[in-house]
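Please view the sequence and the model side by side.

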There are 6 protein chains.
Amino acid sequence: MMESRKSSESKTMMTEIVLPNDTNVYGNLMGGRLMYWMDIAAAISAQKHCNAPVVTASVDNISFESPIKLGNTVHIEAHVTRSFHTSMEVHLKVWGEDHIQQYKYKSNEAYYTFVALDSNGRPKPVPQLIPETEEEKKLFDAALRRRQVRLILGGKMKPDDAAELRALFVKD
Amino acid sequence: MMESRKSSESKTMMTEIVLPNDTNVYGNLMGGRLMYWMDIAAAISAQKHCNAPVVTASVDNISFESPIKLGNTVHIEAHVTRSFHTSMEVHLKVWGEDHIQQYKYKSNEAYYTFVALDSNGRPKPVPQLIPETEEEKKLFDAALRRRQVRLILGGKMKPDDAAELRALFVKD
Amino acid sequence: MMESRKSSESKTMMTEIVLPNDTNVYGNLMGGRLMYWMDIAAAISAQKHCNAPVVTASVDNISFESPIKLGNTVHIEAHVTRSFHTSMEVHLKVWGEDHIQQYKYKSNEAYYTFVALDSNGRPKPVPQLIPETEEEKKLFDAALRRRQVRLILGGKMKPDDAAELRALFVKD
Amino acid sequence: MMESRKSSESKTMMTEIVLPNDTNVYGNLMGGRLMYWMDIAAAISAQKHCNAPVVTASVDNISFESPIKLGNTVHIEAHVTRSFHTSMEVHLKVWGEDHIQQYKYKSNEAYYTFVALDSNGRPKPVPQLIPETEEEKKLFDAALRRRQVRLILGGKMKPDDAAELRALFVKD
Amino acid sequence: MMESRKSSESKTMMTEIVLPNDTNVYGNLMGGRLMYWMDIAAAISAQKHCNAPVVTASVDNISFESPIKLGNTVHIEAHVTRSFHTSMEVHLKVWGEDHIQQYKYKSNEAYYTFVALDSNGRPKPVPQLIPETEEEKKLFDAALRRRQVRLILGGKMKPDDAAELRALFVKD
Amino acid sequence: MMESRKSSESKTMMTEIVLPNDTNVYGNLMGGRLMYWMDIAAAISAQKHCNAPVVTASVDNISFESPIKLGNTVHIEAHVTRSFHTSMEVHLKVWGEDHIQQYKYKSNEAYYTFVALDSNGRPKPVPQLIPETEEEKKLFDAALRRRQVRLILGGKMKPDDAAELRALFVKD
């Protein structure tokens with residue numbers, strides 16, 4: 001039987017500088033470029049959890065808050081919040097940092113989902129995740145609700161079957 | 001007063017070949033690279049609608065279905081579905097095509113939201129969008145519901161205030 | 001016997017934004033970068049026609065008219081004009097668009113020639129092309145003349161053998 | 001008055017390795033990527049001649065002979081063949097080299113034309129070019145004929161006015 | 001007076017996946033690509049220490065041990081070891097990780113030196129560094145010796161003046 | 001027995017323009033980007049000497065003098081200075097050139113070491129190098145001393161065993 005893993009074991013830290021190469025015409029990091037980096041950080045985190053090749057299965061709603069500026073540093077922190085049968089949800093926090101002016105600012109938070117693959121490219125089971133801290137437990141619990149949103153929006157689940165999500169709207 | 005625009009006026013078509021440069025270790029287009037291209041296609045579409053610089057404000061849930069293979073063609077089709085005060089929702093359809101074997105396959109559908117900026121980098125009002133076809137009207141109506149999901153998930157709206165979304169769960 | 005194809009079946013539309021990454025020191029799209037994109041758009045078009053891998057065989061005279069500016073959109077439209085035994089000529093039209101100022105401007109027109117390859121990497125026959133519109137017919141007829149220019153300039157044909165081209169200079 | 005320059009003064013040598021990044025799906029250097037490198041080598045050569053910023057004005061017929069393979073070295077040699085009022089024609093020779101098997105093979109020869117710009121981005125006069133060797137003189141003479149082909153194909157000259165080119169077809 | 005900084009305050013962690021894009025023809029991370037990433041990680045670390053723009057002044061001897069393989073993760077850890085008047089030495093540790101086979105392997109260790117710049121692009125004083133742990137103190141002390149090697153090899157110091165380095169060879 | 005090679009046979013010339021893509025936020029060529037180009041130029045030079053695949057084994061101290069500016073040309077000249085059993089030391093000279101202002105300036109000099117690989121990826125013997133000019137002979141002799149610095153700094157040799165290096169500090 002596969003051994004469980006702690007959330008902290010999948011923690012991944014990525015750091016980049018925003019170069020001209022990465023900015024739009026207004027001197028800010030392009031959303032698409034940032035999602036590209038987030039995809040790599042999240043994939044590393046998922047691989048740490050399952051020790052298998054992974055592919056991006058889905059990306060949840062991402063809201064970009066402050067744009068990250070040319071020359072600033074981008075910090076991306078990722079860890080697995082919960083695993084399902086063959087998939088893992090990864091939570092990402094992204095913030096910018098201006099080392100000259102010495103302040104940090106939040107860019108966004110996001111959830112990417114990955115599927116582990118066996119040597120034939122088919123989904124394979126992944127270890128269970130054990131949350132430890134309070135924050136990890138909260139992310140673990142809410143992961144189920146986010147999964148239902150994904151399945152409903154992807155047309156793979158009916159709203160009526162999404163018990164956890166339904167509870168947000170209906171006080172029975 | 002700003003003149004309204006048709007949904008079809010913002011239609012944008014992007015075509016790419018998946019080169020070694022764009023693939024992960026398994027020979028498939030990386031999720032992050034595809035989101036980068038989608039961001040550019042969607043930004044062009046939003047600019048067509050509002051004739052102003054735009055920045056990515058948010059990206060909705062994206063589910064990746066079939067992976068797009070090395071050497072295959074990527075087709076990205078984008079158009080604005082609805083505009084709000086200073087923002088626009090863009091719908092994207094992505095599919096792969098194998099010209100040798102002669103078949104097409106769906107990769108994903110997604111919604112990106114952009115904000116128009118004035119010359120000081122502050123949000124500025126955008127023209128209203130007029131949907132014409134049946135599909136455009138459906139996307140236009142559902143845009144409100146998707147916006148509520150975004151606002152709730154982003155912590156900017158309470159579930160109780162999301163009338164359109166609530167209706168999916170509660171038959172009063 | 002291989003079935004013929006219409007010119008319109010190979011039509012390919014590519015759209016890009018000029019990012020800092022793509023410009024020279026004067027803020028204009030570099031000629032080399034544009035030829036790179038044109039090569040990809042033209043290769044997709046040729047593959048649509050022949051359903052086989054293709055390689056660039058030659059590129060005709062390209063005149064760059066207005067330079068395309070940083071932040072502007074690049075539109076590349078490609079379609080096969082005529083096929084020869086194992087090769088295809090692709091016509092490309094390239095224009096820039098400034099969505100803020102709302103005008104379009106021509107960048108260039110060009111002809112790329114591709115050869116189809118079989119599984120051993122040797123040239124293989126391609127379907128014949130059937131031009132339909134007036135413009136397609138004109139491009140189809142002139143393709144022979146352009147081919148003679150290519151062969152003469154490449155040292156593979158003597159001027160005296162280029163009947164169609166000769167007719168431009170000599171009224172017998 | 002501007003001082004003339006020798007052809008050899010603009011000689012430029014570029015060397016690259018074909019990396020996975022630069023190949024198509026068949027493991028050969030992509031035509032578009034090579035044209036990108038050629039554009040840079042030719043621009044450096046033109047700048048050496050005129051000591052001013054330059055932009056690509058046109059590219060002549062390029063025939064790709066042997067494809068250059070992954071891991072092989074690309075050699076690009078460029079020099080100005082002739083200058084006209086504000087423009088310069090640059091001749092390029094490209095060959096591949098396999099250092100392991102120890103052989104070289106020709107890829108293509110090409111002509112790029114550049115225009116020199118003043119500080120307002122307008123064309124400015126360039127020094128005259130003095131050919132010295134036999135090969136340089138041959139390239140210098142033929143430059144006029146190639147210019148006529150460019151102008152005719154670009155619709156800026158009538159075949160009847162192209163005296164040098166006409167002489168190839170008509171023995172008066 | 002400028003306040004001193006601890007070594008740990010400049011700690012920077014960078015994580016990357018080796019993609020096809022980054023490998024040589026043998027499927028290993030190219031030395032040049034790795035030095036590029038190391039330069040960025042080290043620059044971020046130096047900026048954290050001095051809160052000013054920095055430029056790479058020198059790179060010490062780097063020995064590459066095990067090559068990092070396609071698909072493996074690259075970890076780069078950087079921190080400032082010592083500051084001199086306007087410059088800072090950054091120590092880098094680089095290792096690869098194979099998440100599938102679950103082992104880590106050392107790639108190299110290196111020292112990059114950066115100079116802080118004021119708003120006119122001239123070197124400006126940086127805060128002193130306070131080493132705390134045993135390892136930090138060892139790196140701090142040896143930094144002087146490495147600086148002498150740099151100055152001697154760069155022709156800016158005579159071997160006789162390099163007291164600390166000399167002590168390695170001569171037991172007076 | 002393997003035939004010796006002259007130093008001049010491995011001479012390699014690389015030329016690049018500094019594009020926005022290659023600069024840091026201050027408009028200068030990034031150190032990491034330059035080391036990437038130097039790695040490629042040096043690898044080509046080493047391959048010319050040994051006619052085998054090579055990998056970067058080490059990079060010596062590099063001091064960056066004048067930064068190379070956006071739009072300027074980068075010249076990299078490389079040749080093998082000496083071969084050891086399975087490795088080769090390559091000397092690189094790098095300078096910038098401003099074609100508009102018409103001056104050249106030194107950027108840096110460096111030594112990269114490469115190891116030749118056989119078809120199983122194991123080190124294989126390389127031809128001996130014969131220096132011819134005075135400068136080549138000086139580089140050849142000093143190569144031994146630099147090798148000792150590398151081995152000492154890499155912990156593979158004790159200072160006492162570095163006879164050539166020791167002689168710099170101790171006049172016996």
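## Hairpins in chain F

β5(F) and β6(F) form a hairpin, with three residues between them. Strands here are DSSP runs (E, at least two residues), helices H or I runs of at least four, numbered from the N terminus. β5 (73-83) and β6 of chain F pair antiparallel over ten bridges; two strands pair if DSSP finds at least two bridges between them. His79(F) stands opposite His91(F) in β6(F).

β6(F) also pairs with β7 (103-116) of chain F, antiparallel, over twelve bridges. Tyr105(F) in β7(F) is the bridge partner of Gly96(F). Four residues separate the strands of this hairpin, and Gln102(F) has a positive phi near 60°. Eleven of the twelve residues of β6(F) (87-98) are buried, so the strand is largely enclosed by the rest of the structure. Buried means under 20% relative accessible area (1.4 Å probe, protein chains only).

## Contact of chains A and B

Here 34 residues of chain B contact 34 of chain A (heavy atoms within 4.5 Å). Two bridges join β3(A) (54-59) to β4(B), antiparallel. Ser58(A) has Ser63(B) as its bridge partner.

α1(B), β3(B), β4(B), α2(B) and α3(B) each give two or more residues to the side of chain B that touches chain A. α1(B) gives the most, seven.

## Basis

The model is predicted: local features need pLDDT of at least 70, side-chain atom pairs 80 or more, while totals for chains, interfaces and linings use all residues. Residues count from 1 along each chain as written, chains are lettered from A and ligands numbered from 1 in written order, and side-chain values use heavy atoms, without hydrogens and water.

Terms used
Buried < 20%, exposed > 50% of the residue type's maximum accessible area, 1.4 Å probe, protein only.
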